[in-house]
Amino acid sequence: MTVVKPLESAEAISDIAFAFMGSKALFSALHVGLFSALSEKTMSAEEVAAATDLDVDRATTLLTALTSLGLVRKTDDGFANSPAAEAFLVKGRKYDFGDYLRFQIDRQMYPFLTQLNDALTGSLEEDKVASYAEWFSDPEEARLYSESQHAGSLGPGRSLAKMVDLSSARTLLDVGGGTGAFSISLCKSYPELTSTVLDFPNVAKVGEEFIAKEGLSDRITYQPGNALTDPWPAAADAVLMSYLFSGVPGKTIPGLVRKAMETLTPGGRFMVHDFMVDESREGPKLAALWQLQHTAFNPEARSITSDYVAELMTAAGFVDIEVTVMIPGMTMLVHGRKPE
């Protein structure tokens, strides 16, 4: 259970209110390649300015802000990356997710927060409410979102392969599977497994490129479509829904769980990975904020807990249901089995 200490000062409230400035400092640094410029070296403000094509005064202001946030370290010789920035924000690093932050979060998700007030009060203009189907009907938006999401999903996909035993499964249905990052990780871990990814046509075009690069085009294929309205494959030994529940209207979630039960072969595994908060509604913070962000985009989204998902699975007839943390402080995995 998350333990949250109540705020006790105006300074603490200000830290929250001004957090958006820290976010933009991070995004801006990524856009100009600042962390990559600083990789494994210490540089003066003048050197950073030259490497990032910034004015010296502006570079100094940005570096100061990043230092105050702990993303950059100030030494007698200049500025250097923090260990976290070096590991996760330098282009080309094994665990680099900078593109996910600067493209999907900054350019696509962040602007939606300007309409959160209207979304919460129900006064959001109809043309401001969008579904992923409408959003991804634009090939450029679909590509930007999908490419930036891909790297961020490969790691959780590898973790999922260790958490759930799919050694007896031969067919996987990856519902709303995006670029197939989870399918790629699972197929690499289980050589006998093949996967069908059900996602929008413009997303499928991007995903097929990633799958081809991995040499898995013969084992991972797409069925382009909308998981809420289009037919699913007749049967599968495992069904995965990652980040799907947070992106659809809340009222459709129970039906997706029942549909998974109908699709699975006897003994098949159903896996749900998503942003989930504690039943106490005290956190975790990152999961709660992600759910709030989705409300700005989709006012019909639902704030879900792992207990809620497990209860839906039980009601649909699943057994041996387990709940575990996937990304600490952010996502959970709930998985169960269809009876033999």
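## A tour of salt bridges, patches and a hairpin

Start by selecting D99, which is partly exposed, with a relative accessible area of 23% (buried means under 20%, exposed over 50%, partly exposed in between, using a 1.4 Å probe and protein chains only). Before you click on, note that this is a predicted model, where local features need pLDDT of at least 70, side-chain atom pairs count only at pLDDT 80 or more, and totals for chains, interfaces and linings use all residues. Residues are numbered from 1 along each chain as its sequence is written, and side-chain values use heavy atoms, with hydrogens and water left out.

**Salt bridges.** K91 is exposed, at 52% relative accessibility. The structure holds eight such bridges.

Next, pick E86 and R93, whose closest N and O atoms are 2.6 Å apart in another salt bridge. E86 is buried at 15% relative accessible area, while R93 is partly exposed at 29%.

Then jump to E214 and K188, a salt bridge with its closest N and O atoms 2.6 Å apart. This pair links distant parts of the chain, 26 residues apart: E214 is in the loop between α12 (201–213) and β5 (220–224), and K188 is in helix α11 (residues 181–189). Helices (H or I, at least four residues) and strands (E, at least two) are DSSP runs, numbered from the N terminus.

**Surface patches.** Select L7, I13 and I16 to see a nonpolar surface patch of about 320 Å². Patch members have over 30% relative accessible area and no salt bridge; like charges are joined within 9 Å, nonpolar side chains (Val, Leu, Ile, Met, Phe, Trp, Tyr) within 5 Å. I13 sits in helix α1 (residues 10–17) and is exposed at 53%.

For negative charge on the surface, go to the patch of D118, E125, E126 and D127. E126 is in the loop between α8 (116–121) and α9 (132–135), and is exposed at 74%.

Finish with strands β8 (residues 319–325) and β9 (residues 331–337), which run antiparallel and are joined by five bridges (strands pair if DSSP finds at least two bridges between them). T324 has L333 in β9 as its bridge partner. Five residues lie between the two strands of this hairpin, and G329 in the turn has a positive phi of about 80°.

How values were computed
Areas by Shrake-Rupley, 256 points an atom, 1.4 Å probe, with all protein chains shown as cover. Salt bridge = Lys/Arg side-chain N within 4 Å of Asp/Glu carboxyl O. Lys, Arg positive; Asp, Glu negative; His and termini not counted. Charge placed at Lys NZ, Arg CZ, Asp CG, Glu CD.
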